[in-house]
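Student: I have a new model open and would like to learn how to read it. Could you walk me through it?

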Amino acid sequence: MEISIGGMIGLYGGMLCGLLGWWFGRKKARENRGLDELYYHIWQRARSYSWYLTLCAIYVFFSLIMFGVELSTAMVLGLILLTHLGSWAIIGIVLTINMTVSPSKQLSRAKVGLIVVACSFTFFTTLSIVTGNWLFLLWSILPNVVVLTTTLIPARKNTE
């Protein structure tokens with residue numbers, strides 16, 4: 001097995017750049033008093049939701065293996081890491097926007113629902129094309145129904 005110099009630079013260089021960005025970002029936020037209770041609440045909640053999406057990704061990969069799709073370990077681990085960190089960032093950004101901006105500028109439930117439906121349909125269509133099995137499109141029905149149901153049901157209002 002050969003050692004890939006570019007792979008090593010990308011792997012450890014990416015980690016180093018990520019850690020430096022995280023450290024400088026927190027330093028700047030601390031100077032501007034941005035590390036308050038709301039910050040910790042938002043990112044803890046985003047991390048929690050991200051684990052749910054990571055669990056879904058793991059189930060998708062197990063299902064792919066059961067259907068006979070050959071998956072390499074590095075590819076699966078990379079996609080699980082991308083799912084976890086990507087969903088953590090996206091959910092954190094959405095929660096930050098919704099909790100810090102005025103109600104007129106917040107993302108509506110309908111917009112978020114349409115984004116999730118579009119991403120789900122795109123993911124399962126791509127999966128269907130790559131594997132050559134159109135039955136994967138049927139798997140997009142469950143997340144789309146869940147999202148559309150939660151989007152269309154009105155939010156409960158506190159009347160206290």
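**Reading the model step by step**

Tutor: Happy to. Keep in mind that this is a predicted model. Let's take the cysteines to begin with: Cys119 has 48% relative accessibility, so it counts as partly exposed.

Student: Is Cys56 buried, exposed or partly exposed?

Tutor: Cys56 counts as partly exposed because its relative accessibility is 46%.

Student: How many disulfides does the structure hold?

Tutor: The general idea is to look for two cysteine sulfur atoms within 2.5 Å. Here there are zero disulfides. The sulfur of Cys56 has its closest cysteine sulfur in Cys119, 14 Å away, so the two are too far apart for a bond.

Student: What secondary structure does the protein chain have?

Tutor: You'll find five helices and zero strands, giving the pattern α-α-α-α-α along the sequence. With a radius of gyration of 19 Å, the protein chain is well over the 15 Å that the globule rule gives for 160 residues, so it is more spread out than a compact globule. Its C-alpha atoms fill a box of roughly 55 × 45 × 20 Å along the principal axes, and 18% of the 160 residues count as buried.

Notes:
Residues are numbered from 1 along each chain as its sequence is written. This is a predicted model: local features need pLDDT of at least 70, side-chain atom pairs count only at pLDDT 80 or more; totals for chains, interfaces and linings use all residues. Side-chain values use heavy atoms; hydrogens and water are left out. Buried means under 20% relative accessible area, exposed over 50%, partly exposed in between (1.4 Å probe, protein chains only). Helices (H or I, at least four residues) and strands (E, at least two) are DSSP runs, numbered from the N terminus. The radius of gyration is taken over C-alpha atoms; the globule rule is 2.2 Å times the number of residues to the power 0.38.
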